[in-house]
Amino acid sequence: MSLRITTAQAYDTSISNLQTRQQDLADAQNRLTSGKRVASASDDPVAAARAERALATMMKTEADQRALEASRNVMQQAESALGDAGDLVQQARELIVNAGNGSYSDSDRATLANKLKGLRDQLLGIANRTDGAGTYLFGGQGTKAPPFVDTPAGVTYQGTSGQSEVPAGETLPTSVDGSRTWLQATDPTTGQSNLSVFNVLDRVIGELNTPNQAGDVIEQQVKSGLADLDASADNLLSARASAGEVLNRTDSIEQRNADAKLAAQTERSNAEDLDMVQAVSDFQNKQSGYDAALKTYSMVQRESLFQYLSA
Amino acid sequence: MGASPLMSLGMKAMSAAYMAMQTTSHNIANANVAGYSRQDVVLETAKGQFTGAGFFGKGVDVTSVTRAHDQFLTRAATIATSQSAMDAAHSDRLGQLEQVFQTGESGLGYSMGQFLNSFVDLASRPGDSATRQTVLAQAQDLATRFNSAAGQLDTIQAGVTEDLKSTVTTVNGLTQSIATLNQQIAAVRGLGQPPNDLLDQRDQLVSKLSGYVQVSTLEADDGTLGVFVAGGQSLVLGSNASQLVVGLDVDDPSRSSLMLDENGKQRTIDPSALGGGSIAGLLNFQNGDLVDGRNLIGQMATAVAGVVNQQQMLGVNLQQPLGSVASQPLFSVGTPQAIPASTNAKDAGGNYLSSVTLTVTDPTAVQAASYELRADPAGSGQYQLTRLSSPPVTQLVNSGDVVDGVRIDVPNGLQPGDRFLLKPVAQAAGGLTALLQDPRDLAAASPLIATTSASNTGTAAVDSLTMLSQPLQAGATAQVSFTSDSGDYSWQLTDASGNVLSSGTGTWQAGQPIPANASDINGFALQLSGVPRNGDVVTIAPTPPEALSTNNGNALALATLRDVTFIGRTMDASGNVSGGATATDAYASAMADIGVRVQSAKSSASISAAVSDQATQATSAVSGVNLDEEAARLIQQQQSYQAAAKVLQVAQSLFETLLQTTTG
């Protein structure tokens with residue numbers, strides 16, 4: 001026995017089917033216009049969680065990138081400051097070599113000493129440079145005031161030795177250890193790491209200002225001064241090299257961060273974005289389904305026995 | 001043999017055809033009335049009259065009008081309706097709950113991530129007040145987002161309560177109508193014929209009712225229908241209807257529960273006994289998913305606020321005088337709740353005799369769960385604590401014990417029969433507040449700073465210095481001196497005037513902190529990179545005030561929280577914690593959890609809707625009206641009417657013939 005079709009039920013069913021198809025069509029259109037396959041977690045919980053983690057990775061690499069920029073900014077300035085310092089030390093070296101000239105009078109040497117004093121003050125200025133935002137490049141693990149202070153006993157370091165660091169994918173420095181850079185060159189005579197570039201210059205300046213020195217004494221002083229200055233220059237150069245090394249590392253970390261971010265973006269997109277080709281075909285499928293439903297509805301529901309019972 | 005039997009036969013046939021047409025027309029008229037059952041006239045051949053020549057038929061009798069109705073199918077359809085309505089209500093509400101767990105940039109996970117990432121910026125520029133302001137703004141945003149999530153949950157709860165109330169009002173109206181119909185049906189029962197239209201109406205009301213609450217029915221001898229809910233509690237009995245009421249839940253006044261009013265006394269109906277109907281769907285959602293959603297969000301709020309506060313308070317802020325103003329917590333969260341059941345013992349003044357207080361001791365071990373606490377039924381004097389998870393986990397605890405990061409204190413003990421609902425995190429998100437306004441309050445600096453000696457010969461450098469507690473000796477300086485090339489070291493802690501406070505030895509291994517146990521020296525854990533050599537020295541001294549504004553030690557520690565698994569760690573019986581998830585993972589899995597629920601609720605709803613449709617279709621195949629069929633019947637009945645009229649015409653002409661014969 002076949003089921004009886006009830007007229008009212010047949011209408012209800014047709015209407016509800018039409019509504020379902022219309023809803024499907026609207027959903028397909030919604031997906032197409034938003035471009036998202038996963039608009040809320042229930043669309044695909046696993047993919048939504050994947051997308052969430054990928055988004056977190058993206059945010060993290062962005063934060064890392066900001067930290068990296070901060071480090072790069074400081075290290076570029078430190079590198080260029082150390083470059084400037086190298087030039088000044090080179091000029092100072094030439095002045096000291098000149099001072100060894102046996103035909104120079106006391107006043108000639110005093111003039112040289114004055115020039116050296118100027119170079120020394122410039123060096124101190126470089127050692128106290130900031131990144132432009134108030135952070136001292138050579139502040140070590142932190143200082144509020146200029147880290148290098150001129151005292152009667154010579155230039156002292158007020159910062160905390162060591163260096164500040166930021167997490168930028170890997171740890172990168174945001175300051176340079178000023179004490180180690182400027183005050184801790186290896187003394188060529190004692191072998192200890194306590195040679196201050198300022199002290200070396202101060203000593204040479206003091207001696208050049210001392211009148212009536214014998215030629216061999218001056219020669220000796222110039223020689224030892226040059227040796228000490230070269231040791232300091234080496235130290236500055238190696239600090240510059242390590243700043244350059246950090247910048248190199250920064251570049252490769254930046255590349256890695258960018259790769260990680262791209263991978264995360266791709267992951268997020270794979271997880272929640274729509275496959276357009278499939279979506280368009282899906283939409284057309286739904287559209288023809290709806291169309292067919294409408295057509296058949298209008299055809300079938302017209303049919304009734306009463307039509308044939310006229311008159 | 002006269003013409004009169006023929007006449008009466010024709011009359012009867014005409015009247016039968018007429019009644020049939022009347023019924024068919026009634027069917028056509030009611031074709032679109034919900035719950036109408038197709039009616040049929042029952043015809044019976046009249047008993048024949050005996051003559052010597054045999055039995056002669058006396059035509060047709062109309063004995064009754066019946067409705068096409070199948071008790072079994074109707075019952076199956078009402079049960080399917082209940083199931084479908086329950087699943088639909090559940091699915092709808094879950095859809096609302098899912099809005100709280102947004103994906104991507106509008107989600108809580110994103111906010112937590114942004115907030116924790118802002119500490120990286122703080123580490124880059126610890127002295128910059130604009131950066132500090134940004135961190136505070138992120139903290140404020142995080143709190144606001146958690147608040148609004150909690151607010152959404154409150155709105156959903158209010159919606160559930162409102163819906164329950166209006167549904168119950170409708171249900172009470174329906175049961176009242178059923179009781180009235182019962183009365184009418186019983187009154188006409190004596191007439192001996194079924195009151196089809198009244199029966200249809202009653203069936204339709206029961207069907208409507210079962211959309212709200214699943215019922216079972218039992219027809220009594222007097223024709224009245226008994227309607228029962230929740231496995232046998234009567235809603236309608238004869239012409240009496242009981243009232244359903246929505247009241248406060250006995251265990252948790254923030255939730256609603258369904259009660260049956262019995263002569264002014266209200267008895268709670270256990271939601272699990274309801275079986276189906278939209279009320280059951282709402283209650284299941286309210287007592288299950290909504291509670292879970294609230295706990296998940298509360299757990300995240302408690303954990304993130306807790307760990308950030310802990311770390312913030314270990315650092316040093318920039319308030320004057322520098323280094324001597326204690327750092328304040330960044331957040332406060334809603335307090336844990338211990339709610340007495342309304343049935344707990346009270347004193348004469350109506351105050352509860354017993355009380356329970358909860359304290360979060362380890363925010364990282366807090367679980368997304370509620371608990372029930374009652375006296376141990378075995379009488380051990382301990383308390384039985386049940387974690388209301390699926391499956392529930394029960395354990396015995398004493399007052400003062402710490403379970404899942406929460407300490408439970410029962411100062412006065414429990415009265416017999418008392419029970420408490422413990423909700424450690426339910427209010428946490430709603431009460432999350434960012435407390436700090438002044439950028440200088442952020443504790444970016446570390447109280448201690450580690451430096452390697454200039455004369456060190458090894459490659460060891462300070463990798464990180466982490467504070468695990470406040471410095472044990474404020475203002476003290478620790479010096480770690482390596483005494484061999486294989487990592488042996490001796491240390492001493494001296495105060496500001498150089499007096500040795502404590503000293504000891506240890507052995508460093510690559511990747512391991514100095515000291516092995518942070519409380520051994522001064523509350524810090526020092527990680528070295530590179531290798532120290534004999535004679536190398538590392539000094540861990542208080543951070544000098546002039547370095548505080550640019551020191552980022554504590555900001556670094558705060559920034560590492562983005563990779564720390566600080567949510568939902570497992571706490572074993574001896575208080576050790578392990579496992580857990582990062583903020584991102586915790587949110588992603590909470591979101592996926594809710595997503596899976598929505599997905600399965602949607603599919604349950606669509607399956608049960610299909611089942612319900614099918615059952616309705618099966619019922620209507622028996623009871624419903626097909627207009628084509630009625631049209632055909634109408635022609636058939638019209639023809640019988642015409643034929644019967646012909647019989648009458650013949651009888652009349654016979655009679656006339658007879659008259660003419662006698663008069664002629």
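## Helix pair H4 and H5 of chain B

A crossing of two helices is left-handed if the near helix is turned anticlockwise from the far one by less than a right angle, and right-handed if clockwise. In this predicted model, the crossing of H4(B) and H5(B) is left-handed. Helix H4 spans residues 129-188 of chain B and helix H5 residues 196-212 of chain B; their axes come within 10 Å and cross at roughly 160°. Angles over 145 degrees count as roughly antiparallel, and H4(B) and H5(B) are therefore roughly antiparallel to each other.

On the H4(B) side, the contact is made by Thr167(B), Thr170(B), Val171(B), Leu174(B), Thr175(B), Ser177(B), Ile178(B), Leu181(B), Gln184(B) and Ile185(B). H5(B) contributes Leu198(B), Leu199(B), Gln201(B), Arg202(B), Leu205(B), Val206(B), Lys208(B), Leu209(B) and Tyr212(B). By class, 11 residues of this contact are nonpolar, 6 are polar and 2 are charged.

## Antiparallel sheet of chain B

Chain B also holds an open sheet of 5 strands, arranged in the order E22-E28-E24-E25-E26 with antiparallel pairing. Its edges are strand E22 (448-452) and strand E26 (500-507) of chain B, each of which pairs on one side only. On average, neighbouring strands of the sheet are turned by 15° against each other, direction ignored.

## Pairing of E22 with E28

Strands of a sheet pair through backbone hydrogen bonds, either parallel or antiparallel. E22(B) and strand E28 (residues 537-542) of chain B run antiparallel and are joined by 5 bridges. Within this pairing, Ala450(B) has Ile540(B) of E28(B) as its bridge partner.

How values were computed: Residues numbered from 1 in each chain as written. Chains lettered and ligands numbered in written order. Predicted model: local features only at pLDDT ≥ 70, side-chain atom pairs only at ≥ 80, totals over all residues. Pairing = 2+ DSSP bridges. Helix = DSSP H or I, 4+ residues; strand = E, 2+ residues; numbered from the N terminus. Axes fitted to C-alpha atoms, helices over the stretch in contact; angles between N-to-C directions. Parallel < 35°, antiparallel > 145°, perpendicular 65-115°, else oblique. Contact = placed C-beta atoms within 7 Å. Nonpolar A, V, L, I, M, F, W, Y, C, P; charged D, E, K, R; others polar.
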